[in-house]
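This briefing is intended for a reader who has the sequence and the coordinates to hand. Please consult both while reading the points below.

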Amino acid sequence: MSTDQQPAVLHVERRPITHPDAQLLVEAVQEEYVARYGGRDESPIDPRDFEDPLGRFFVGYLDGVPVATGAWRRSAVRALGVEVTAEVKRMYVVPAAQRRGLARQMLAHLEATAADAGIEALVLETGLAQPEAIALYESSGYVPIPGFGYYCGSELSRCFGRVLELQH
């Protein structure tokens, strides 16, 4: 992107994971997992995990079109010396909108809303077949943490965490 171009600005709305726009994008990310890993993500998801007080689910829009998702849910994982954590889930940007800084905007939104809710650190799991996700998280200050959750012990899985600056 040249320096004279304006970066795309993502308009983020809180939605239930059952909202049609959310479902459309969740299905798209599942298709991405099939392409990259040979199967859908089978880690358990309860839609209530993304409702207050447990978590939040967001859809990002460009010109009214849903192009991105991101969510967090409270977690029992203890990492980076803190006990109040939430797990990042369903980070996704449709291919046509990638490489425009939208995933970074969604991640910043997740961090801010989690901090507002009293979350001290975010944790996440991603896979080796998603090098662009790993690069995003590392460049955003996330550091490797011990494996946790459904894919704990998987050779393809990588876990990261970041302590948040609590909002006042």
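The points that follow are grouped by topic.

The model is a predicted one. A search of the whole structure finds 11 salt bridges and four aromatic pairs.

**Helix α1**

- Helix α1 covers residues 20-37, which makes 18 residues, and its first and last C-alpha atoms are 25 Å apart, close to the 26 Å expected at 1.5 Å a residue.
- Its buried residues are Ala22, Leu25, Val26, Ala28, Val29, Gln30 and Tyr33.
- The cover over these buried residues includes strands β2 (55-62), β3 (65-75) and β4 (85-93).
- After α1 comes Gly38, with a positive phi near 85°.

**An aromatic pair within α1**

- The four aromatic pairs found in the whole structure include Tyr33 and Tyr37, which form a tilted pair with 6.4 Å from centre to centre and 55° between the planes.
- Both tyrosines, Tyr33 and Tyr37, belong to helix α1 and are four residues apart, about one turn of the helix.
- An α-helix has 3.6 residues a turn, so residues three or four places apart point the same way.
- Tyr33 is buried, because its relative accessible area is 12% and the cut-off for buried is under 20%.
- Tyr37, with a relative accessible area of 29%, is partly exposed.

**Helix α2**

- Helix α2 consists of 15 residues (102-116) and reaches 21 Å from first to last C-alpha, close to the 21 Å expected at 1.5 Å a residue.
- Leu102, Met106, Leu107, Leu110, Glu111, Thr113, Ala114 and Ala115 are buried in α2.

- Side chains of opposite charge can pair when their charged atoms come close.
- Arg14 and Asp52 meet through their side chains in a salt bridge of 3.3 Å, N to O. Arg14 is in strand β1 (residues 11-14) and Asp52 is in the loop between α1 and β2, so this pair ties together parts that are 38 residues apart in sequence.
- Arg14 is partly exposed at 34% relative accessibility, and Asp52 is partly exposed at 48%.
- A salt bridge of 3.0 Å, N to O, joins the side chains of Arg40 and Glu27. Arg40 lies in the loop between α1 and β2 and Glu27 in helix α1, so the parts tied together are 13 residues apart in sequence.
- Arg40 counts as partly exposed at 42% relative accessibility, and Glu27 counts as partly exposed at 33%.
- Arg73 and Glu87 form a salt bridge of 3.2 Å, N to O, between their side chains. Since Arg73 is in strand β3 and Glu87 in strand β4, the pair ties together parts that are 14 residues apart in sequence.
- Arg73 is buried at 12% relative accessibility, and Glu87 is buried at 10%.
- Salt bridges with shared partners link Asp49, Arg73, Glu87 and Lys89 into one network.

**Nonpolar surface patch**

- Leu80, Val143 and Val163 make up a nonpolar patch on the surface, and together they have about 210 Å² of accessible area.
- Val143 is placed in strand β6 (residues 143-144), and its relative accessibility of 36% makes it partly exposed.

**Backbone features**

- Most residues other than glycine have a negative phi, and most peptide bonds are trans.
- Asp52 and Pro53 are joined by a cis peptide bond, with omega about 0°. Pro53 lies in the loop between α1 and β2, and the loop also holds Asp52, the partner of Arg14 described above.
- Asp63, a residue other than glycine, has a positive phi near 50°. Asp63 lies in the loop between β2 and β3 and is exposed, with a relative accessible area of 82%.
- Arg90 is not a glycine, yet its phi is positive at about 55°. Arg90 lies in strand β4 and is buried, with a relative accessible area of 8%.

How values were computed:
Residues are numbered from 1 along each chain as its sequence is written. This is a predicted model: local features need pLDDT of at least 70, side-chain atom pairs count only at pLDDT 80 or more; totals for chains, interfaces and linings use all residues. Side-chain values use heavy atoms; hydrogens and water are left out. Patches are made of residues with over 30% relative accessible area and no salt bridge: like charges are joined within 9 Å, nonpolar side chains (Val, Leu, Ile, Met, Phe, Trp, Tyr) within 5 Å. Accessible areas come from the Shrake-Rupley method with a 1.4 Å probe; for residues, only the protein chains shown count as cover. A salt bridge is a side-chain nitrogen of Lys or Arg within 4 Å of a carboxyl oxygen of Asp or Glu. Helices (H or I, at least four residues) and strands (E, at least two) are DSSP runs, numbered from the N terminus. Buried means under 20% relative accessible area, exposed over 50%, partly exposed in between (1.4 Å probe, protein chains only). The expected span of a helix is 1.5 Å times one less than its number of residues. Contact means heavy atoms within 4.5 Å. Rings of Phe, Tyr and Trp (its six-membered ring) pair if their centres lie within 6.5 Å; planes under 30 degrees apart count as stacked, over 60 as edge-to-face and the rest as tilted.
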